[in-house]
Amino acid sequence: MTPDEAILLSQEFFPNGLDVIVNRLDIEVRYGELIGCDGWCLSSNSKTIIRINSLSSVNRQKFTLAHELSHVLLGIAPSFGERLFDNPDCYNSEERKVDLFASELLIPKSIVENSINLPVSKREIFSLAKHAKISLISTTIRVSNVINEIENHSSIVVFINDSKIEWSWSSSNESLFCKDFIDEVVNELGFQQDRYLKKVIENKFLVSYLLYASKPEDKKYILFIQLLPLKYANTLILDEEISRLGKIIFRDDFAFQQSVSGCFGAMKRKVSGMKLEDAIKLFYSLYKNKWDDDKFSRLLTEEGKSFVKLKLSKWTNMS
């Protein structure tokens, strides 16, 4: 199997492409307790065995499998007993190549492109990470790499631990991405999780925000900075668009807003993994008699339909 064929399988069977590739290559994957490493891979003329540390988180196990599988597909010999890092800059050039290919196996480029808008919102990164079943850090790095392939677009991912920058990663050569620039962005955000920093800088449109890398009490953050052409300066981020549509639909009717929010909460489990168009039909079918005609008609306007679509897109199937 060639690397390109593997990517096509990952795309076709997302988010379960790794399992399909493993089966097609007749690779044996074993899970068990490993000390001091995330996994390893051994190949002979007749058999390939990949061992995964069962003590790692589910997301880490999936990333490790993608990494070891990438060694096989790229023909790059692995180190026995590898310890993987969330920071792709920790690796030598060959390991970095393996890691970046692994991220493409986990989330093929076409999946990223169909799952995000520019500027990319927090909601889209959370949703993509959930569907791909990998960590927020890996997802953000993957999204950043795809953005950086677009001409005149650049982005950087920064990991902050207890107010200190531990590492940063960007596949672009953007000269602005220096420590002083990152420090300035962090200071302007002020560790406010619900804030988007948006401004024009050096003839580019900057969008930045923070995500929790783990539990809030751990004080570990992912800082995501996007530098985009000025044409995006008047574009609403997805979260802002949902808020704008909500104001039109609910018209300061707090009780109606709360009622609709409760319905979306109930829909979350019902539509998980469902196609978006089917989830939309289900929503309208279930709740067509819940509110009076005036209220329900607001959800049937163009703004209302867009609002329902954007809200449900968080939980529905992206493939």
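This is a predicted model: local features need pLDDT of at least 70, side-chain atom pairs count only at pLDDT 80 or more; totals for chains, interfaces and linings use all residues.
Residues are numbered from 1 along each chain as its sequence is written, and side-chain values use heavy atoms, with hydrogens and water left out.

**View 1. Pairing of β1 with β3.** The two strands pair in the parallel sense over 5 bridges, where pairing requires that DSSP finds at least two bridges between two strands, and strands are DSSP runs of E with at least two residues, helices being runs of H or I with at least four, both numbered from the N terminus. E28 stands opposite I49 in β3.

**View 2. The open sheet.** Three strands are arranged in the order β1-β3-β2, with mixed pairing. Because β1 (28-32) and β2 (39-43) are edge strands with a single partner strand each, one side of each is left without a neighbour in the sheet.

**View 3. The largest nonpolar core.** This core (buried Ala, Val, Leu, Ile, Met, Phe, Trp, Tyr and Cys residues joined through side-chain atoms within 4.5 Å; buried means under 20% relative accessible area, with a 1.4 Å probe and protein chains only) has 52 residues, and L69, L105, I107, V120, V143, Y209 and F224 touch the most other members. Helix α7 (residues 136-147) gives the most to the core, with 6 residues.

**View 4. A separate core.** A second core, of 24 residues, includes F250, F296, V308 and L310.

Conventions. Buried means under 20% relative accessible area, exposed over 50%, partly exposed in between (1.4 Å probe, protein chains only).
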